[in-house]
Amino acid sequence: MITHKPFHFVWKTLLLLATTVVAVEAPYILAVASLHGVGFPELSWTSGLRHAVTALFVADIGVNFISPVRDHGRLITGPQEVRRRYLRGALWWDLLAAFPFVSLLQLSGEQAGLTSALLLVRLTKMPRIWRWFHQNLSINHRVLRLGEFIFFITLTSHWVACGWYALTVDPRATAFIDQYVVSLYWSVTTLTTVGYGDLSPDVNSNAQMLYGMAVMFMGVAAYGYVIGNISSLFANMDMAKTMHEERSAAIKEFLVAHRVPPDLQERVKTYLAYEWGATRGQQYEHILDQLPDNLQVELALHLNRDVLRKVPLLRGASEGLLRDVARAMRTCIFLPGDTVVRIGEAGTRMFFVSKGTLSVTDRAGATVSRLEEGNFFGEVALVRESPRTATIVATDFCELYALDKEAFSRILSQHPEFGDRIGERVSRITDG
Ligand code: CMP
């Protein structure tokens, strides 16, 4: 199996280029050669390219036999299953698409135009390639959709221009390229709904009038789609930032409406700004909550592994204990001067320090210890079911992970070794 993603990306891009060559050339031959009786040899400027396209399409059959496929989001990598699916599905289209049409075109001479219609079967690959991009590229899906739309609208302009060319142009009059440019101009002005009116269907030609009307309808639909998409793209480009700004604005309005003292207002604003810098609006608990339990644990463990590794208490801990702690931890942010824990109060959480420094002060206000990255605190009140034994104040911007009482007790009961270690530390603090 080829599971190498960059390879697939390059391969699909090459295939897209190849199908684009077909999509540009086939209607051109159809319009020019078929309707005006020009033989294929006169159109052989891309003959080398045609052979390359055929070769690529043949090779693609081989690649598809050994490439993983997605079924409803599930990646299928089993060689037998991949082969079975390909044989039952797209293989026949791919075989048709890989047929060496170039030779057929050369044989068909004057009839090249009609034969070229067969080339259109190669375009069946295009939607599949785009689907692959949508499923496998991790870029903003709106940007990708817009890219796809621009791609198709450009091709459509060409197809419409070929149709207009076939309906309106006398091949003996001027050079092909001049007439094609005029047709493309009509196609673009009509599709974009600009319609200067300097080129319009001949009122004596039903075919031209009907064709003109059909393209106008297409133009209006495409225009509406583009405007809608571009505005939603910009509106959602930075959704997290927009949501953060709206939330901040609402909180600030609330503070003013309730006449909150300016220094407290300032602290709230500092908190919001720091929180944005630290999380970029990605509240990881919200993301976890949207996933099933097993994935929540995996992701939490991955995200918190660095923090957990720094905690001496958890050094050498079992995978199970790490998973349970990682899943139960909740992030919280404190500003310099914030009191995280107050002596004498009831305790509901314990904390691990991920970033920042804090001071531990006793009842007299004397600093008895300092806490930093990897330290933890707040466990005494939970273990002893007693009031807090010290006051802990942030001396810097702090990012902490909190473990609430229920989660703490659950972990303690499931992992007695953790309980023993915590117990030792509690005894040291309370006895010492
Ligand atoms: P708890 O009593 O729940 O809340 C205050 C916390 O401060 C306490 O748990 C311990 O984690 C921590 N603590 C108390 N005394 C000390 C000390 N002397 N050195 C370090 N940490 C302490």
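Threonine 361 lies in strand E6. Helices (H or I, at least four residues) and strands (E, at least two) are DSSP runs, numbered from the N terminus. The model is predicted, so local features need pLDDT of at least 70 and side-chain atom pairs count only at pLDDT 80 or more, while totals for chains, interfaces and linings use all residues. Residues are numbered from 1 along each chain as its sequence is written, and side-chain values use heavy atoms, with hydrogens and water left out.

Stay with threonine 361. This residue is buried, because its relative accessible area is 13%. Buried means under 20% relative accessible area, exposed over 50%, and partly exposed in between (1.4 Å probe, protein chains only). Threonine 361 touches Ala366, Thr367, Val368, Ala390 and Thr391, not counting residues up to four places away in sequence. Touching here is contact, meaning heavy atoms within 4.5 Å. In E9, the bridge partner of threonine 361 is threonine 391.

Now widen the view to the sheet. Strands of a sheet pair through backbone hydrogen bonds, either parallel or antiparallel. Two strands count as paired if DSSP finds at least two bridges between them. Strand E6 (residues 358-361) and strand E9 (residues 391-394) are joined by four bridges and run antiparallel. They belong to an open sheet of four strands, in the order E4-E9-E6-E7, with antiparallel pairing. Strand E4 (339-341) and strand E7 (367-371) stand at the edges. Each has a single partner strand, so one side of each is left without a neighbour in the sheet. On average, neighbouring strands of this sheet are turned by 30° against each other, direction ignored. Axes are lines fitted to C-alpha atoms, for helices over the stretch in contact, and angles run from 0 to 180 degrees between N-to-C directions.

Another open sheet has four strands in the order E3-E10-E5-E8, again with antiparallel pairing. Its edge strands are E3 (330-334) and E8 (376-377), and each pairs on one side only. Strand E5 (residues 349-355) is joined to E8 by two bridges, and the two run antiparallel. Phenylalanine 352 has phenylalanine 376 in E8 as its bridge partner. Helix H17 (residues 405-414) lies across E5 and strand E10 (398-404), running at about 65° to E10.

Next come the helices. Leucine 16 lies in helix H1 (residues 5-36). Is leucine 16 buried or exposed? Leucine 16 is buried, because its relative accessible area is 11%. Its contacts are Met126, Ile129, Trp130, Phe133 and Phe151, not counting residues up to four places away in sequence. Leucine 16 and proline 127 are 111 residues apart in sequence, but 9.7 Å apart in space, C-alpha to C-alpha.

Helix H2 (residues 47-65) has 19 residues. From its first C-alpha to its last, H2 reaches 28 Å, close to the 27 Å expected at 1.5 Å a residue. The expected span is 1.5 Å times one less than the number of residues. Among the buried residues of H2 are Val53, Leu56, Phe57, Asp60 and Ile61. An α-helix has 3.6 residues a turn, so residues three or four places apart point the same way.

Threonine 156 sits in helix H8 (residues 141-168). Threonine 156 is buried, with a relative accessible area of 16%. Leu191 and Met218 are touched by threonine 156, not counting residues up to four places away in sequence.

How do two helices pack? They are described by the angle between their axes and the distance between the axes. Helix H11 (residues 239-257) and helix H12 (residues 262-279) pack at an angle of about 170°, with their axes 11 Å apart. That makes H11 roughly antiparallel to H12. Angles under 35 degrees count as roughly parallel, over 145 as roughly antiparallel, 65 to 115 as roughly perpendicular and the rest as oblique. Residues making the contact include His244, Ile251 and Leu255 of H11, and Val268, Leu272 and Trp276 of H12.

Finally, look at two loops. Arginine 259 lies in the loop between H11 and H12. Its phi is near 45°, a positive value in a residue other than glycine. Arginine 259 counts as exposed, because its relative accessibility is 74%. Threonine 193 is in the loop between helix H9 (176-191) and helix H10 (206-236). Phi of threonine 193 is near 65°, also a positive value in a residue other than glycine. At 37% relative accessibility, threonine 193 counts as partly exposed.
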